[in-house]
Amino acid sequence: MKLVKFAAAFAAAAGMLAVGTTGASAESTLEIVKKRDILRCQVGKPSPGFYNLDAQGNWYGSDVAVCQAIAAAVLGDKNKLEIQSVSTQARFTAMANGESDVLSRTTTWTLLRDTQLGLDFTAINFYDGQGFMVPKGSGIKSALELKGATVCVLTGTTTELNLADYNRKNNLKIQAVTFEDNNVRDDTYLQGGCDAITNDKSGLASSKAKFANPGEHVILPETISKEPLGPVVRQNDSQWMDIVKWTVYALINAEELGINSKNVDEMRKNPPNPSVGRMLGAEGNLEKGLGLSKDWAYNVIKQVGNYGEVYEAYMGGGKLGIGIDRAGSPNALWTQGGLQYSPPFR
Ligand SMILES: N[C@@H](CCC(=O)N[C@@H](CS)C(=O)NCC(=O)O)C(=O)O
């Protein structure tokens, strides 16, 4: 019995090795993207804030901005981009089978996803947590009042798992009503098909923003989970991993250094300090190991903006924003009491 187990474990390890070897000899994602001259970036179904379509059919949003930033870093042009809108259920498969070069779509970093799907999480561009939304008219003030309630939830998500945990922990006897499509989930809730919706709190703000009467719905105060969201790449491609990770950090570091889309030209011409000069390629050679051009970070900031500009535009108070306060939240810069922190550019 022991021997059989050992043999199976060995075969599994050998299998993993074989995958690793094939991966290493195959064309890298950077080579594929450069040859194609287009980045294939996966987002979800249109949701205000993260990824949405304007009247001309152009994608915009905070997760789209990450796609654009990677295209600007790698190909010098944020528009060299094919946005792929994929359902929540199919998101990891579309990555694993090579359809998408990168996934940038409200996806929570968890241990199992990081270790069992052939994928790697790169960096956290939004710190979130799960909550509940109810109609104001229900008078419900706390998630603990949801005893015996029906709750609408997307399937294949951490949301579904956390709801089950919260239900069990607090003995609420909640009945989950599961959906594959976020619009069907929202419509069902609006028509009274469930007492509450549960999702990442940013996702709730996103749904609320598109409702006809947002003021008739309230997000309850409880945050029942940690949902660190960020882009995902295929594993065993560490150069591509580095590119995506450092592109996210370029957005954050630029804000920390006071570089934005308006002043980046002046900052590159006359860097006020060595950190700015290095980041914008005016000195040093930070681009070498990434396999990118000297102006990769300049292109990101010039064409997309820094983290704060992107946040304000889509998640914050901008015209297209969904009004999530940044000050005092984990998404503030670490210098302002938040968790957004870039390792040094040197
Ligand atoms: N962060 C959770 C939840 C993800 C989730 O449900 N995101 C919503 C955000 S509104 C979504 O993707 N909606 C668009 C879609 O269904 O494609 C996870 O990674 O499982």
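This tour moves through a predicted model, from the whole chain to selected residues.

**The whole chain**

Begin with the entire chain shown as a cartoon. Its secondary structure amounts to 13 helices and 14 strands. The radius of gyration is 22 Å, close to the 20 Å that the globule rule gives for 346 residues, so the chain is as compact as a globular protein of that length. Turn the view to follow the C-alpha trace, which spans about 60 × 60 × 40 Å along its principal axes. Of the 346 residues, 42% count as buried. Consider also how the chain folds back on itself: among contacts between residues at least 6 apart in sequence, 71% join residues at least 24 apart.

**The two domains**

Next, colour the chain by domain. The assignment gives domain 1, made of residues 28–127 together with 229–336, and domain 2, made of residues 130–225. The C-alpha centres of domain 1 and domain 2 lie 29 Å apart. Where the two meet, 16 residues of domain 1 and 16 residues of domain 2 form the contact. Select the domain 1 side of this contact: the residues there that touch domain 2 comprise six nonpolar, nine polar and one charged.

**The ligand and its shell**

Now centre the view on the ligand and display the residues around it. Which of the 19 residues around the ligand come nearest? They are G44, K45, T108, T157 and G203. By class, the shell around the ligand holds one nonpolar, 14 polar and four charged residues.

Select three elements in turn: helix α6 (158–170), strand β11 (196–200) and helix α8 (201–210). Each of these supplies at least two residues of the shell. With the domain colours still on, note where the ligand sits: domain 1 and domain 2 both give residues to the shell, so the ligand lies between them.

In soluble globular proteins, nonpolar side chains tend to be buried together. The largest nonpolar core here has 82 residues, and A69, I70, A73, V74, L251 and V300 touch the most other members. Select helix α9 (residues 238–257), which contributes 12 residues, the largest share of this core. Both domain 1 and domain 2 give residues to the core, so it lies between them.

Neighbours within four places in sequence aside, A73 is in contact with I243, T247, L292, W296, N299 and V300.

**Two residues with positive phi**

The next stop concerns the backbone. Most residues other than glycine have a negative phi. Select N171, which is not a glycine and yet has a positive phi, near 50 degrees. N171 lies in the loop between α6 and β10 (175–179). Is N171 buried or exposed? With 8 C-beta neighbours inside 10 Å, N171 counts as exposed, because the limit for this class is 12 or fewer.

Move on to N236, another residue that is not a glycine, with a positive phi of about 70 degrees. N236 belongs to the loop between β14 (232–234) and α9. N236 has 17 C-beta neighbours inside 10 Å and therefore counts as partly exposed.

**Three further stops**

Select P46, in the loop between β1 (39–43) and β2 (52–53). P46 is partly exposed, with 16 other C-beta atoms within 10 Å. Beyond its neighbours within four places in sequence, P46 is in contact with Y51, N52 and L53. Draw a distance from P46 to T198: the two are 152 residues apart along the chain, and their C-alpha atoms are separated by 18 Å.

Select G118, in the loop between α5 (111–116) and β6 (119–121). With 15 C-beta neighbours inside 10 Å, G118 counts as partly exposed. Which residues does G118 touch, not counting those up to four places away in sequence? They are A96, R234 and Q235.

Finish at D265, in helix α10 (residues 264–269). D265 is partly exposed, having 13 other C-beta atoms within 10 Å. The C-alpha atoms of D265 and V102 are separated by 29 Å, and these residues lie 163 apart along the chain.

Note on methods: Residues are numbered from 1 along each chain as its sequence is written. This is a predicted model: local features need pLDDT of at least 70, side-chain atom pairs count only at pLDDT 80 or more; totals for chains, interfaces and linings use all residues. A residue is near a molecule or strand if its C-beta atom, placed from the backbone, lies within 6 Å of it. Helices (H or I, at least four residues) and strands (E, at least two) are DSSP runs, numbered from the N terminus. Ala, Val, Leu, Ile, Met, Phe, Trp, Tyr, Cys and Pro count as nonpolar, Asp, Glu, Lys and Arg as charged, and the others, Gly among them, as polar. Domain bounds come from an automatic or database domain assignment. The radius of gyration is taken over C-alpha atoms; the globule rule is 2.2 Å times the number of residues to the power 0.38. A residue is buried if 20 or more other C-beta atoms lie within 10 Å of its own, exposed if 12 or fewer, and partly exposed in between; C-beta atoms are placed from the backbone. Two residues are in contact if their C-beta atoms, placed from the backbone, lie within 7 Å. A nonpolar core is a set of buried Ala, Val, Leu, Ile, Met, Phe, Trp, Tyr and Cys residues joined through C-beta atoms within 7 Å.
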